[in-house]
Amino acid sequence: MKIDHSEFIARHHRDVIMPAAETAPKKSYEAVFAIVLLVMFFGLSMLIYFDEHLTPWMKLMVSTITFLLGVSCFFIYLTYKIHNARNKELDMIREVMEGSRGGRLITDKASKTLYTNQKFERLCRGVGPPGFNTLMRLFEANPEGSAYFRLLTEQAQRGLTDSIELFSRFEDRERWLLVTAQPIIGWPGHIHWRIDDVTDRHTAESAIRDEREKLIDFTDNAPVGFFSVDETGRFVFANATFARWLGEDLRTLLDSAVLHTYMVDPPESARPYDIVTGERHKQVAELKMKGTAGKSFLASINQVVVEEGDGRVRTRAVVHDLTAEREMSRALQASEDRFQRFFEEAPLGIVLVEEDGTVADCNSAFAAIVKADIEAIEGQKFETLISEEDRQTILTAMDRIEQGGQLQAPLEITLLAHGKNGNQIDTQMYARRIKEGGNIVLHFIDLTEKKALEAQFAQGQKMQAIGQLAGGVAHDFNNLLTAIIGFCDLLLLRHKAGDPSFGDIMQIKQNSNRAANLVRQLLAFSRQQTLRPKIHDVSDILTELSHLMRRLIGANIELEMSHGQDLGLVKVDVGQMEQVLINMAVNARDAINEADNTGGLLKIETENFTNRQPKKLLSEKMPPGHWTLIKVSDTGCGIDPENLDRIFEPFFTTKDVGEGTGLGLSTVYGIIRQTGGYLDVQSKKGAGTTFLIYLPRATDIDSDEQEPEESAKPTAARDLTGSECIMLVEDEDAVRTFSTRALGNKGYSVVSAVDGEDALRLIDEKPDLQLDLLITDVVMPNMDGPTLAQRIRQINPHLKIIFVSGYTEDKLKDHMGENIHFLPKPFTLKQLAEKVKGVLED
């Protein structure tokens with residue numbers, strides 16, 4: 001399709017060469033042609049119309065003139081056609097010039113402007129009128145511009161075409177122009193100038209050069225090596241990084257180095273440019289490379305072999321120095337191993353929960369908490385592991401964490417153990433959201449042991465409180481019982497056997513003694529009774545007690561004893577130990593009879609027991625140690641699980657009213673714990689009960705501290721009378737009255753006081769008072785007994801003292817010393833008299 005630029009040229013083109021030259025020849029040709037045609041027409045008319053009137057000569061002349069005019073007309077027409085064709089060629093050239101991308105300028109020998117196109121005019125706009133001189137002005141800021149134009153002009157005048165890129169700065173505009181000078185063939189000295197604005201191309205090329213330099217810099221300083229070798233194995237390209245790893249100068253590497261020279265173990269029977277055997281197109285290998293200094297490094301090379309034809313080969317290789325990477329890999333692996341160990345060996349349960357609530361991972365500690373395998377937990381919905389009571393609360397908290405919130409405090413959550421039973425596990429949960437990925441990591445602390453310890457502590461606190469209460473009650477009861485028993489003894493002095501009142505008085509005394517026995521049991525439970533421990537063999541104690549136990553349990557119950565080999569000795573109070581075993585036998589008898597059995601079995605076994613780790617018992621934890629174990633098992637009715645935690649509480653009993661005091665097992669518990677042992681129980685309802693008594697084995701030190709046995713002396717009636725002066729200090733009126741009368745009846749001179757301050761006042765009022773013995777209660781208001789004894793000892797250092805108390809002697813171990821003795825309440829008149837006589841005679 002031909003593009004018609006005539007309208008464009010008519011609107012924008014301005015002729016420079018002879019503006020009227022186009023229309024003048026055309027009009028002249030048309031006028032001449034018309035005249036010739038007229039004359040020729042006139043001649044032909046004469047020949048046609050005046051043929052008869054013309055002479056031959058005239059006909060010849062007219063014919064000749066007409067012929068010549070026809071020939072002239074033909075030449076005129078031919079000339080006109082040629083001229084018209086030439087004008088069309090000129091129009092086409094103008095269209096080409098105007099359609100050119102660059103500015104066009106034609107100059108003659110004198111560098112005068114003959115033609116310019118519109119692009120050249122726009123190029124000169126603001127500089128000067130379009131022409132050669134204005135073109136020169138564009139480069140006046142370039143000091144070498146004139147010289148370049150002179151050279152281009154000389155080249156064109158010699159018939160050579162040449163071009164050059166020049167920088168142009170005129171006023172505030174900068175650009176790069178490509179100037180081409182081309183001679184016009186057939187027109188000597190005429191030059192066709194073409195000026196192209198190549199600023200964009202130059203800028204692009206400059207940017208490309210900058211990028212190339214940056215690429216070279218990047219390549220040379222890249223953390224990986226690059227190289228290329230030819231078919232002979234010689235390097236044709238390498239970056240500075242690769243040369244640095246080899247310890248070789250880059251120029252030397254490219255000038256004469258061969259690839260296989262730098263390989264510790266080059267592939268056998270391989271081409272010079274191969275890094276592996278097999279002539280493969282793509283080659284990947286990990287191999288050792290060496291440098292000039294003998295230094296080697298492990299490299300990973302990924303190489304592509306490009307065959308360019310004619311036997312030419314170029315490789316493209318990327319090299320990774322694996323030394324640092326392997327070190328990083330080892331460090332990363334070590335870090336991952338440490339994290340994995342931390343994750344797996346953490347004492348806390350750790351769970352990773354994905355955004356959809358699925359368990360992505362967990363550690364073995366958590367698996368142990370819920371009693372399941374890790375594989376069984378992973379992939380489960382986390383909510384299925386939460387108890388129904390806590391589920392909504394925990395899911396709400398996790399939603400809040402997913403939205404960027406935080407837990408203000410850890411949550412106590414009950415988890416469900418894996419399996420059909422679905423046991424519940426109390427835990428404490430910490431939660432936080434992982435920034436990358438949005439998953440939630442949960443940490444769990446198993447509170448099972450903590451809850452058990454809290455319950456154990458609470459139980460211990462309760463037992464301690466009950467023990468303190470029992471001890472206080474026992475103290476007060478002992479004061480009351482001392483008075484009751486003492487006044488009974490005084491009454492019996494006047495009412496002998498056969499007296500109508502003797503039986504009543506004895507009933508009072510016997511029931512008082514039973515009450516005193518209950519008080520002793522309370523003291524045993526509260527561990528406040530006085531023990532006289534000695535080294536014994538448990539087998540001997542059981543053997544001596546077996547006959548009594550058989551009578552207690554009855555003929556329908558079989559007693560079986562099994563003694564362990566090389567049984568360790570124990571340090572116990574044999575009387576209290578017998579009390580423990582008797583209470584156990586009685587409880588077993590009652591349990592067997594309650595089971596409605598016609599008979600049963602009571603089995604007592606002994607053995608040595610050692611635990612390296614703390615052992616969990618019913619209500620406490622037993623430390624590691626060496627023990628002598630006594631198992632007391634029965635085939636009775638067993639103990640309800642809900643009662644197990646309370647069986648050692650005083651006054652707790654499951655028997656009917658009037659059938660038990662509830663002090664049997666509490667007494668056993670108190671004696672065993674005061675001895676340094678532990679008591680445990682195993683029972684199943686309807687299947688019997690086993691009590692386990694752990695007594696610490698006696699050591700060589702215990703044997704060395706063993707007190708020698710006192711030889712039994714024949715008892716004979718003693719004279720319990722005396723005449724010494726005794727001070728009696730007691731805050732209980734009834735006890736003080738009874739003791740004063742009892743000692744007075746034995747002939748002693750008694751000075752009584754209601755408390756310690758009263759006693760000191762009496763001593764101050766009677767400076768001549770010579771005391772032989774001080775009997776004082778321990779616990780009194782205002783001033784207690786030990787303080788009083790200390791004050792009186794300052795006056796009379798050798799005064800003999802007897803402490804009386806409803807508490808045990810152990811409470812006074814810090815105050816016992818030379819000439820200081822102890823008499824426990826309740827005591828009888830005879831016990832008081834014997835104690836006083838024995839101390840005074842000592």
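Me: How many salt bridges does the structure hold?

Reply: A salt bridge is counted where a side-chain nitrogen of Lys or Arg lies within 4 Å of a carboxyl oxygen of Asp or Glu. By that criterion the structure holds 24 salt bridges. This is a predicted model, in which local features need pLDDT of at least 70 and side-chain atom pairs count only at pLDDT 80 or more, while totals for chains, interfaces and linings use all residues. Residues are numbered from 1 along each chain as its sequence is written, and side-chain values use heavy atoms, with hydrogens and water left out.

Me: With which residue does D489 form a salt bridge?

Reply: The partner of D489 is K509, and their closest N and O atoms are 2.7 Å apart. Helices are DSSP runs of H or I with at least four residues, strands are runs of E with at least two, and both are numbered from the N terminus.

Me: Are D489 and K509 buried or exposed?

Reply: Buried means under 20% relative accessible area, exposed means over 50%, and partly exposed lies in between (1.4 Å probe, protein chains only). D489 is buried, at 9% relative accessibility, and K509 is buried as well, at 18%.

Me: What N to O distance is found for K631 and E607?

Reply: Their side chains meet in a salt bridge at 3.9 Å. Since K631 lies in strand β22 (residues 625-634) and E607 in strand β19, the pair ties together parts that are 24 residues apart in sequence. K631 is partly exposed at 24%, and E607 is partly exposed at 30%.

Me: Which residues are linked in a network of salt bridges?

Reply: One such network links E165, R201 and E205.

Me: What is the strand order of the open sheet of 5 strands?

Reply: Two strands pair if DSSP finds at least two bridges between them. In this open sheet the order is β2-β1-β5-β4-β3, with antiparallel pairing. The edge strands are β2 and β3 (162-170), each of which pairs on one side only. Neighbouring strands are turned by 25° against each other on average, direction ignored. Strands β3 and β4 (residues 173-183) pair in the antiparallel sense over 9 bridges, and I164 stands opposite V179 in β4. In strand β2 (residues 113-116) one finds T116, which is buried at a relative accessible area of 3%.

Me: Which strands does helix α6 lie across?

Reply: Such angles run from 0 to 180 degrees between N-to-C directions, with axes fitted as lines to C-alpha atoms, for helices over the stretch in contact. Contact means heavy atoms within 4.5 Å. Helix α6 (residues 145-157) lies across β3, β4 and β5 (191-197), running at about 155° to β3. Helix α7 (residues 199-220) also lies across β3, β4 and β5, running at about 110° to β4.

Me: Which residues of α13 are buried?

Reply: An α-helix has 3.6 residues a turn, so residues three or four places apart point the same way. In α13 the buried residues are D390, I394, A397, M398 and I401. They cover an arc of only 100° around the axis, which puts them on the same side of α13; the arc is that of the directions from the helix axis to the C-beta atoms. On the other side of α13, E388 and Q392 are exposed. The buried residues of α13 pack against β11 (349-353), β13 (411-416), β14 (424-433) and β15 (440-446).

Me: What span does helix α13 reach from its first C-alpha to its last?

Reply: The expected span of a helix is 1.5 Å times one less than its number of residues. Helix α13 (residues 388-402) has 15 residues and reaches 22 Å, close to the 21 Å expected. G404, which follows α13, has a positive phi, near 105°.
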